[in-house]
Amino acid sequence: MAALHFDNTFLRELPGDPETGPRRRQVEGALYSRVDPTPVTAPRLLVHSPEMAQALGFGEADVVAPWFAEVFGGNRLLEGMQPWASNYGGHQFGHWAGQLGDGRAISLGEVVTTKGERWELQLKGAGPTPYSRTADGRAVLRSSIREFLCSEAMHHLGVPTTRALSLVGTGESVLRDMFYDGHPEFEPGAVVCRVAPSFIRFGHFELPYARGDHTLLRQLMEFTIRRDFPHLEGSGEALYAAWFGEVCERTAQTVAHWMRVGFVHGVMNTDNLSILGLTIDYGPYGWIDNYDPDWTPNTTDAGRRRYRFGQQMQVAWWNLSRLASALSPLFAGTEPLQAGLDWYASSYATIERRMQADKLGLAEPRSEDDALHGQLHTLMAQAQVDMTLFYRALLDVDPARPLPTAAMEDAFYDAALRQRFDGELRDWLVRYAKRLGEDPQSPPARRERMRCVNPRYVLRNYLAQEAIDRATQGDLSGVHALLDVMRRPYDDQPGRDHYAARRPDWAKEKAGCSMLSCSS
Ligand code: AMP
Ligand code: MG
């Protein structure tokens with residue numbers, strides 16, 4: 001293996017906690033605490049991402065070597081690694097929660113590759129840190145498989161996301177009360193190595209703001225701009241404003257992608273929003289089967305559904321407004337921050353319009369198309385139509401004969417609803433065909449435009465759960481197969497129809513398939 005080059009700027013350039021080790025505490029005036037991963041009994045590599053390994057400079061021989069599982073299970077450090085846990089706060093479900101921090105994530109270091117890419121390597125589930133509060137710092141296999149698979153699936157779907165290098169079984173068990181109903185059970189433990197250019201969250205800025213520590217706040221902002229937004233030019237408030245505007249735009253882009261592919265984050269607390277606009281913290285997330293803007297997979301949020309599918313754009317705005325408040329001491333007035341928030345709303349509208357048009361294969365969107373999209377969304381919601389299957393079926397609509405196709409029939413979950421909405425479906429297809437006729441694009445170009453934005457395969461909740469059930473019995477083939485399918489989500493993959501099928505009835509109300517808690 002070629003030696004990895006670590007430069008650990010977060011550690012070198014920002015103030016740290018003078019105390020080291022995992023004693024739980026409030027950490028003031030510091031953005032991180034030095035703490036080592038707690039070794040595990042029997043680290044074993046369960047699955048890895050070949051693309052991520054390659055990007056970091058690991059060969060196939062490295063990945064299968066015993067030291068790889070030891071390092072990425074938390075038992076051993078490579079030269080240059082200097083583990084730390086970072087310090088942040090956050091608004092959880094709308095309320096300020098104070099200091100949170102990396103309670104079970106430990107960064108090993110920041111690698112700079114020969115290509116000049118920066119990748120921070122972070123173990124999730126690596127044992128207690130000063131930020132673990134009352135919890136154990138560990139993670140269970142089921143949630144680690146979900147994080148691993150979804151990070152990579154999102155990447156291949158073209159959605160900005162943190163990545164995953166590896167999933168290591170620890171050989172230890174972890175006690176969890178999955179539904180917080182007084183029935184704790186031991187489950188197998190695991191550690192994911194997740195990877196991103198930066199793990200800085202909105203909550204990193206909120207904590208020094210809440211504590212009135214404007215010096216630390218400014219240090220963090222200047223560091224973030226310098227390291228993670230090096231293309232931004234200028235200085236002082238103009239630079240800060242440009243930076244905030246870019247954070248807003250990236251957030252808009254990511255949320256628009258979520259809506260495009262049918263992803264529900266599930267816990268959009270401000271500590272779970274990345275300053276780079278990456279999808280981060282895969283917990284009780286879910287994928288839309290039948291199109292339902294009110295759906296959330298998170299049972300912890302079932303009452304108010306704050307983080308439901310159709311509300312993600314508004315929630316991100318609220319989170320950005322919390323970030324704006326946190327940054328306000330660094331601005332003379334609030335106008336630049338307000339301008340950033342306005343920019344978020346207008347960028348989102350532009351990006352969403354473009355993505356919606358692409359999903360329908362329209363090269364030249366018009367404002368009147370909003371009605372066409374709106375009618376389709378209403379139809380899909382009322383008739384309980386599978387979002388992924390239906391959009392994919394639209395690739396094969398013949399504008400000269402706009403009739404329901406067999407692939408479209410497959411997208412319906414309920415025969416009675418299919419019957420009831422037959423007229424609406426046919427009317428909509430006629431309107432759609434007419435609109436296609438007015439768009440100056442050849443049929444092959446239209447089909448290709450649609451293929452690249454309407455995935456054939458997404459990480460349906462029940463597919464992940466099937467793979468988890470088998471992995472819990474010691475059979476990892478389901479995890480490997482799913483990872484492989486999700487590497488090419490826009491291609492038709494012969495023999496893999498099972499992975500594109502709509503959710504089976506048994507999965508509708510099953511734990512893990514539709515209902516997930518924050519327990520992980
Ligand atoms: P999450 O809901 O996963 O975003 O986590 C919210 C906060 O709780 C973060 O500060 C996490 O680090 C912390 N946390 C979650 N699970 C654990 C755990 N098992 N041990 C320690 N800290 C945890
Ligand atoms: Mg979190």
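Rings of Phe, Tyr and Trp (its six-membered ring) are paired if their centres lie within 6.5 Å, with planes under 30 degrees apart counted as stacked, over 60 as edge-to-face and the rest as tilted. This is a predicted model, in which local features need pLDDT of at least 70 and side-chain atom pairs count only at pLDDT 80 or more, while totals for chains, interfaces and linings use all residues. Residues are numbered from 1 along each chain as its sequence is written, ligands are numbered from 1 in the order in which they are written, and side-chain values use heavy atoms, without hydrogens and water.

**View 1. The aromatic pair F10 and F223.** The whole structure holds 21 aromatic pairs. In one of them, the ring centres of F10 and F223 are 5.9 Å apart and the planes stand at 80°, so the pair is edge-to-face. Both F10 and F223 are buried (under 20% relative accessible area, 1.4 Å probe, protein chains only).

View 2. Y282 and Y285 are both buried. R146 lies over the face of Y285, 4.0 Å from the ring centre (CZ of Arg within 6 Å of the ring centre and within 35 degrees of the ring normal).

**View 3. The charged end of R418 over F412.** The charged end of R418 is 5.1 Å from the centre of the F412 ring.

**View 4. Contacts of ligand 1 with G101, G103 and R133.** An oxygen atom of ligand 1 lies 2.6 Å from a backbone N or O atom of G101. A polar backbone atom of G103 is 2.7 Å from a ligand 1 oxygen atom. For R133, a side-chain N or O atom is 2.7 Å from an oxygen atom of ligand 1.

How values were computed
Buried < 20%, exposed > 50% of the residue type's maximum accessible area, 1.4 Å probe, protein only. Polar contact = N/O pair within 3.5 Å; in protein donor to acceptor, adjacent residues only side chain to side chain.
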